Amino acid sequence: MSLFSLAGKTALVTGGTRGIGQAIALGLAEHGADIILSQRSSNPTTDTRSAIEQLGRRCDIVHCDLADRAQVEALIPGLTPRQSIDILINAAGIQIRRAATEYDLDTYDTVVQTNLTAPFILARDLARHWLAHGHRGKVINVASISSFQGGVNMAGYSASKGGVLQLTKAFSNEWAAQGVNVNAIAPGYIATDMNVDTRTNPEAREYLQSITERIPAGRWGTPDDLKGAAVFLASRASDYIHGEVIVVDGGWMGR
Ligand code: NDP
């Protein structure tokens, strides 16, 4: 177990209010990590913090709207010394679906800022600190199967998630020798709020069925399905893994 233990480590997690980010935050806490949740609301929901504290772990909440570049740039410099980070989980993300010809630039910029630029800034600023202090660290970016596939009606999202994979490799190339691991997890179809409208739309029933039938595992994933990959990439067990992506998709990409 010690290979996967996160005792004594602190993880900064974005997107921890719900869905995949919440499950990852809880998974890390279950393996001994203290957690700092970066949440966008100045009046944050505290469900995840309560669940983490029930596990006996410490949990702070810091405020940052990832769509606001100035707030993201202030996040890492604004942490207190007690909030020393060992692990960064870039899990927050948004998907806005519309035809490419209708994809206005404000929407595109918001998607790219939230999904790609914010992870870039947070990892860059943490690595500056880690490299200056000889501190080993782990960055885990949540990519997507849309990092490989273009999708339909999701140009901004697919562009951002493709960028997340390249960023993972580019950072890794520069920081691996100093003991900083940068890797990604690419979820497949995971039942969360991000796709609840489609999953509950009666008109989308055939489309949904065609997706489920194409997944070799025969079902959509749940946020808990991401915990194992996240704990692995956050732990000592993955110390020699750099610039990689673990696809957690029930086999979708193999078809
Ligand atoms: P959810 O919609 O369930 O959760 C999104 C999370 O991101 C929430 O915590 C939300 O916070 C946070 N967030 C969104 N915008 C901002 C912002 N501007 N500032 C701060 N936080 C923000 O999504 P999922 O759990 O499904 O997605 C998590 C990650 O997994 C995303 O990066 C997504 O792209 C990726 N992914 C998801 C897949 C899926 O099938 N669900 C498939 C592949 C990848 P708040 O509660 O404040 O809104």
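My entries below go from the ground rules to the sheet and then to the ligand.

**Ground rules.** I am working with a predicted model, where local features need pLDDT of at least 70, side-chain atom pairs count only at pLDDT 80 or more, and totals for chains, interfaces and linings use all residues. I number residues from 1 along each chain as its sequence is written, and my side-chain values use heavy atoms, with hydrogens and water left out.

**Record.** I checked UniProt, where an unreviewed entry lists residues 9-193 as "domain: Ketoreductase"; such annotations may be inferred rather than shown by experiment. Over residues 9-193 I find 42% helix and 18% strand, with the end C-alpha atoms 29 Å apart. Helices (H or I, at least four residues) and strands (E, at least two) are DSSP runs, numbered from the N terminus.

**Sheet.** I traced an open sheet of seven strands with parallel pairing, in the order β3-β2-β1-β4-β5-β6-β7. β3 (59-63) and β7 (245-248) are at the edges with a single partner strand each, so one side of each has no neighbour in the sheet. On average, neighbouring strands of this sheet are turned by 20° against each other, direction ignored; the axes are lines fitted to C-alpha atoms. I then picked out β5 (residues 137-142) and β6 (residues 180-187), which pair in the parallel sense over six bridges. Two strands pair if DSSP finds at least two bridges between them. Ile140 has Asn183 in β6 as its bridge partner.

**Ligand.** I count 28 residues around the ligand (a heavy atom within 4 Å), and the closest are Thr17, Arg18, Arg40, Tyr157 and Thr192. The shell divides into 14 nonpolar, nine polar and five charged residues, with Gly counted among the polar ones. Both α1 (19-30) and α5 (155-175) supply at least two shell residues each.

**Polar contacts.** I looked for N or O pairs within 3.5 Å. A side-chain N or O atom of Arg40 is 2.6 Å from a ligand oxygen, and one of Arg18 is 2.7 Å from a ligand oxygen. For Asn195, a polar side-chain atom lies 3.3 Å from an oxygen atom of the ligand. The protein covers 92% of the 900 Å² of accessible area (Shrake-Rupley, 1.4 Å probe) that the ligand has on its own.

How values were computed
Polar contact = N/O pair within 3.5 Å; in protein donor to acceptor, adjacent residues only side chain to side chain. Axes fitted to C-alpha atoms, helices over the stretch in contact; angles between N-to-C directions.
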